[in-house]
Amino acid sequence: MKTQRLVSLCTAVLAAGAFTACTDNDSASGDAIEVTSTNDECIVSVEEAPSGTLTFNVSNEGDKPTEFYLLGSDEQQIVGEVENIGPGLERKMVVTASEGDYFTSCKPGMTGDGIKAPFTVTHGD
Amino acid sequence: MANFLIGLREGLEAALVVGILVAYLIRTDRRDLLRWVWYGVALAVAISLGFGALLTYGPRGLSFEAQEALGGVLSILAVGLITWMIFWMARTARTLRGELQHKLDLAAAAGPTSVMVMAVLAVGREGLETALFLWAGAKAAGESTDPLLGAVLGLAVAIALGFAITKGAVRLDLGKFFTWTAVLLIFVAAGVLAYGIHDLQEAGVLPGLNSLAFDVSEQIPPSSWYGTLLKGTLNFSPATTWLELTVWLSYLAVVLPMFSRTVRRANDPGSSSSAMTAVPANRGAPV
């Protein structure tokens, strides 16, 4: 009985944690931003997006596992990250971003400084 | 191949911890608790796959902040639990060498709850990330089944290694078994702690993400098979921050001596009862 109570507690905590932190997959502005990571390129479909919830669909067309980051204007602070994007996979990264200057970054092979490009978040609605 | 290595890395740590837990229950004659381990594993797998599917196919995604927070909290809980497991094992080693009347302590120390929670955390810590990775493979299966196949094979090899560890550990001499599995777990826990610290640094909760103590990414690329094994078992990161290194060393500096003290107490001569090997001579020999 003790176990059951504990288990249901765990489930509840996990559920609450996950759900309250859930964000809408599709931002108000509509479509997700497409990112294509290859061994030496990081192609982002747009250079700016309205503030709010941003969804990046990152696909790996290289042959090494890759990671994708949204970095702050200092190119260091991590705003969002998705790891373990194996070759041939597409993974989703959801972040809430306010107006400002950012950098996108792909990290093929999971090492090094990454392939960075500036990204602007404009004032939403 | 790359997806195979990711699958392997994600599954190794859980396989290692669960493998040792199972071996431990077998060695201490607590096979009755084994089913609780499997309940725990099944529960963690179900929750992870369920949430993973919801986040992949459902209308909502998990924000980065929430994912990091969840990862950080689960890591710290896992460290606490593995540490507890190490000392629980050390104490039991002592009890086992002692008298039979301590059997009661043994039963009290290892209940279904603790065993199950341990299994849930061991598998659940990286469970969601692994599930998201698997579902990404399933999604891509329309174009190519290679990524999914690689990922599943990697996980399968990790699970097979877990079973091999159980088999090997069960054959070890009892004293060696307790010492080696515990030392291994101490290093696993230290790695998980450092990993949790790194998560919190990434989330911006802790500073120093970019002040690296060392960077051996050139020598040990994280996408190589040896980088994978080191990351999967000990959570070794080729680019380690000063804070991670400090916390890792501090954990070892505290836990290793504590453990060796517990073991030494377990080995003191008082508890090693004399073996009753002498068979009384039989006077009346059959004619």
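This note sets out numbered points on the two chains and on how they meet.

1. Basis. This is a predicted model, in which local features need pLDDT of at least 70, side-chain atom pairs count only at pLDDT 80 or more, and totals for chains, interfaces and linings use all residues. Residues are numbered from 1 along each chain as its sequence is written, chains are lettered from A and ligands numbered from 1 in the order in which they are written, and side-chain values use heavy atoms, with hydrogens and water left out.

2. Chain A, overall. Chain A has 1 helix and 10 strands; helices (H or I, at least four residues) and strands (E, at least two) are DSSP runs, numbered from the N terminus. Along the sequence the order is α-β-β-β-β-β-β-β-β-β-β. Of its 125 residues, 48% count as buried, where buried means under 20% relative accessible area, exposed over 50%, and partly exposed in between (1.4 Å probe, protein chains only).

3. Chain B, overall. Chain B comprises 10 helices and 3 strands, arranged from the N terminus as α-α-β-α-α-α-α-α-α-β-α-β-α. Of the 287 residues in chain B, 49% count as buried. Chain B exposes about 13900 Å², and 68% of this area is supplied by carbon and sulfur atoms.

4. Contacts along the sequence. A contact means heavy atoms within 4.5 Å. For residues at least 6 apart in sequence, 58% of the contacts in chain A join residues at least 24 apart. The corresponding share in chain B is 83%.

5. Extent of the interface. In the interface, 38 residues of chain A are in contact with 40 residues of chain B. The two chains bury about 3300 Å² between them, 61% of it on carbon and sulfur atoms; buried area is the accessible area (1.4 Å probe) that two parts lose on being put together, summed over both.

6. Polar terms and the side of chain A. Between the chains there are 9 residue pairs in polar contact, both residues at pLDDT 80 or more. A polar contact is a pair of N or O atoms within 3.5 Å; within protein, one must be able to donate a hydrogen and the other to accept it, and residues adjacent in sequence count only if both atoms are side-chain atoms. On the side of chain A that touches chain B, α1 (2–20), β1 (22–24), β7 (78–85) and β8 (90–97) of chain A each supply at least two residues. The largest share, 9 residues, comes from α1(A).

7. Salt bridge. The count between chain A and chain B is 1 salt bridge, defined as a side-chain nitrogen of Lys or Arg within 4 Å of a carboxyl oxygen of Asp or Glu. The side chains of Arg91(A) and Glu129(B) form a salt bridge at 2.9 Å, N to O.

8. Leu70(A). This residue belongs to strand β6 (residues 66–71) of chain A. Leu70(A) counts as buried because its relative accessibility is 0%. Beyond four places away in sequence, Leu70(A) touches residues including Phe56(A), Met93(A), Val95(A), Tyr102(A) and Phe119(A). The C-alpha atoms of Leu70(A) and Ser105(A), 35 residues apart along the chain, are 6.4 Å from each other.

9. Asn235(B). The loop between α9 (225–234) and β3 (239–241) of chain B holds Asn235(B). With a relative accessibility of 7%, Asn235(B) counts as buried. Its side chain makes a polar contact of 2.9 Å with that of Glu13(B).

Key. Accessible areas come from the Shrake-Rupley method with a 1.4 Å probe; for residues, only the protein chains shown count as cover.
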